[in-house]
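Visitor: Hi! I'm new to this one and would like a friendly tour. Could you put it up on screen first?

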Amino acid sequence: MSETNPQEEPAKAGRRPRGSVTVATIARLAGVSPPTVSKVLNGRSGIAVDTRERVEALLREHGYRRTDATSAMPIVEVAFSGLESHLAVEIMRGVEEVVRDRGLTVGFTDLQGRAPRAGRRTADLLLSRRPAGVIAVHSAYRGQYYQQLTASGVPLVVVDPTGEPVHDTPSVGTTNWSGGIAAARHLLDLGHRRIGVITGPAQYMCSRARLEAARAALETAGAALDPKLVRSGLFAFDDGAGLGSQLLALRDRPTAVLCGNDLQALGVYEAARRARLRVPEDLSVVGFDDLEVARWCGPALTTVRQPFAGMGRAAAEMVLRLAAGQPVEPARVELATSLVIRESTAPPG
C-alpha cells in the first residue's frame, strides 16, 4: 500500500498544520489555477467576486502565510475609513517622523473608497502597491483585511483609539479609563454632582471604558450617575447636538456634560446655544481627543488629550520591526492620556 503525501492530500478541518498549505493546494481546493490564487494574494484585478471570496475563505481556513512575497516598495500605507480627517493629520505626521529616517515614504488609503473595477476592493488596490507595511486606524480594521494582508505577507499594525482590541494584531491605543477618571474628577472637584454623559457607540470598548470610569469616579465621590443623564451616539457633532438637547430639556438638567469626543462636545455647545445656556456659566462641557479645534472654539474646550502623533510613531516603529522580521513585544502598547483644562469648565452656577 503506497504512502499518502500529506501535502498532496486534500485538507480537512483539523488535519493540516496551519501554515503548511501551498498555493497549489489552495488552487485545487478552490477549483482555480495557481495564478488565480496569486492574483488574490497580490490584490490583482480580473477575478470574479465569488471566486475571490472562495479563495480568501480557503486562505483563512488553512492559515496560509505567504513566504515568497515579492519585494516590497519603500512605502508604509496608513489605512483610514472615510479618512477620518480629525485624526488623520496627526497620526500620519507621527508615522512620517519615523519612516522618513529609514528612507521610506507614507501613503494613505481610504478603505471606504470605491474600487474602480468590479470584483476588486480598495484593500486589493492597497495590496497591489506592495507596501512594506500597513497601519490601519481603528474603524478601518476588519477581520478580513487582517487575513488578506497576513496571507499576502504584509505586516499590519492597528492604531486603535477605540480601546482594548478583540484581535491579536499588534496595536497601539491609549488609557481610556484613566482619561475618563481624570475628566470626571475634574468636574467633581469643581463642585458638580449632576453630571451627564454622552458616550460613543456601545460596541466600542473606549465608549464603555470612559462611561464606566465616569460612573466609578462619581460613585467614589458619593454622587451616583443618574441613568437618565446617560446617552449613547456616534462620535459626531450632530449626535452631540441632538443628545445634548435631550439632556438640557430635562426638568432637572445636568450642570455639566462629559462627552465621548470633541466633536460631540462641540455639538453640546450648539445644544446649549439653542437652549440659551452659557458655557461654562450655566453648563460645563468636557471633550475627549484634544483636536486642534478644541483650542479655537469659544470658549476653548477642556478635554482629554489622546497623543495621536505619538500613536502614529509607535505604530510605525512596530510595523517596521515586523517588516524586518523582528518580533514585536509587547504586542499591545497603550500611551497615556492627559487632561487639558481650558475655559469650558467652571463651578456650577
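Guide: Happy to. One term before we start: buried means under 20% relative accessible area, exposed means over 50%, and partly exposed is in between, using a 1.4 Å probe and protein chains only. Also, this is a predicted model, where local features need pLDDT of at least 70, side-chain atom pairs count only at pLDDT 80 or more, and totals for chains, interfaces and linings use all residues. Residues are numbered from 1 along each chain as its sequence is written, and side-chain values use heavy atoms, with hydrogens and water left out.

Visitor: Okay, buried. Which residues of H10 are buried?

Guide: Asp 262, Gln 264, Ala 265, Leu 266, Gly 267, Val 268, Tyr 269, Glu 270, Ala 271 and Ala 272.

Visitor: How far does helix H12 reach?

Guide: H12 covers residues 308–323, and its 16 residues reach 22 Å, close to the 22 Å expected. Its buried residues include Phe 308, Met 311, Met 318 and Leu 320.

Visitor: How far is Val 319 from Ser 171 in space?

Guide: Their C-alpha atoms are 9.7 Å apart, although 148 residues separate them in sequence.

Visitor: What follows H12?

Guide: Gly 325, with a positive phi near 75°.

Visitor: Switching topic: how many cavities are there?

Guide: Three of 30 Å³ or more. A cavity here is a set of points, on a 1 Å grid over the protein atoms alone, where a 1.4 Å probe fits but cannot get out; lining residues have an atom within 4 Å of a point. Grid points are joined across faces, edges and corners, and a volume is the space filled by probe spheres set on the points.

Visitor: How much space is in the largest, and which residues are closest to its centre?

Guide: The largest cavity holds about 120 Å³. It is lined by 16 residues, and Arg 210, Leu 258, Cys 259, Gly 260 and Phe 288 are the closest to its centre.

Visitor: Which element gives the most to that lining?

Guide: H8, with four residues. The elements giving two or more also include helix H7 (176–189) and strand E9 (284–289). By class, the lining has 10 nonpolar, five polar and one charged residues. Nonpolar covers Ala, Val, Leu, Ile, Met, Phe, Trp, Tyr, Cys and Pro; charged covers Asp, Glu, Lys and Arg; the others, Gly among them, are polar.

Visitor: Back to Arg 210: where does it lie relative to Phe 288?

Guide: Over the face of the ring, at 3.6 Å from the ring centre. The rule for a charge over a ring is that NZ of Lys or CZ of Arg is within 6 Å of the ring centre and within 35 degrees of the ring normal.

Visitor: How many aromatic pairs are there?

Guide: One. Tyr 204 and Phe 235 are stacked, 6.0 Å centre to centre with 25° between the planes. Tyr 204 is in the loop between E6 and H8 and Phe 235 in the loop between E7 and H9, so the pair ties together parts 31 residues apart in sequence. Rings of Phe, Tyr and Trp (its six-membered ring) pair if their centres lie within 6.5 Å; planes under 30 degrees apart are stacked, over 60 edge-to-face, and the rest tilted.

Visitor: Last topic: which peptide bonds are cis?

Guide: Val 279 to Pro 280 is cis, with omega about 10°, and so is Gly 298 to Pro 299, with omega near -5°. Pro 280 lies in the loop between H10 and E9.

Visitor: Is Arg 276, in that loop too, buried or exposed?

Guide: Arg 276 is exposed, at 78% relative accessible area. It has a positive phi of about 60° although it is not a glycine. Asp 290 also has a positive phi, about 65°, but Asp 290 is buried, at 10%.

Note on methods
On a 1 Å grid over the protein atoms alone, a cavity is a set of points where a 1.4 Å probe fits but cannot get out, and a pocket is an open set with protein on both sides within 12 Å along at least five of seven lines; lining residues have an atom within 4 Å of a point. The expected span of a helix is 1.5 Å times one less than its number of residues.
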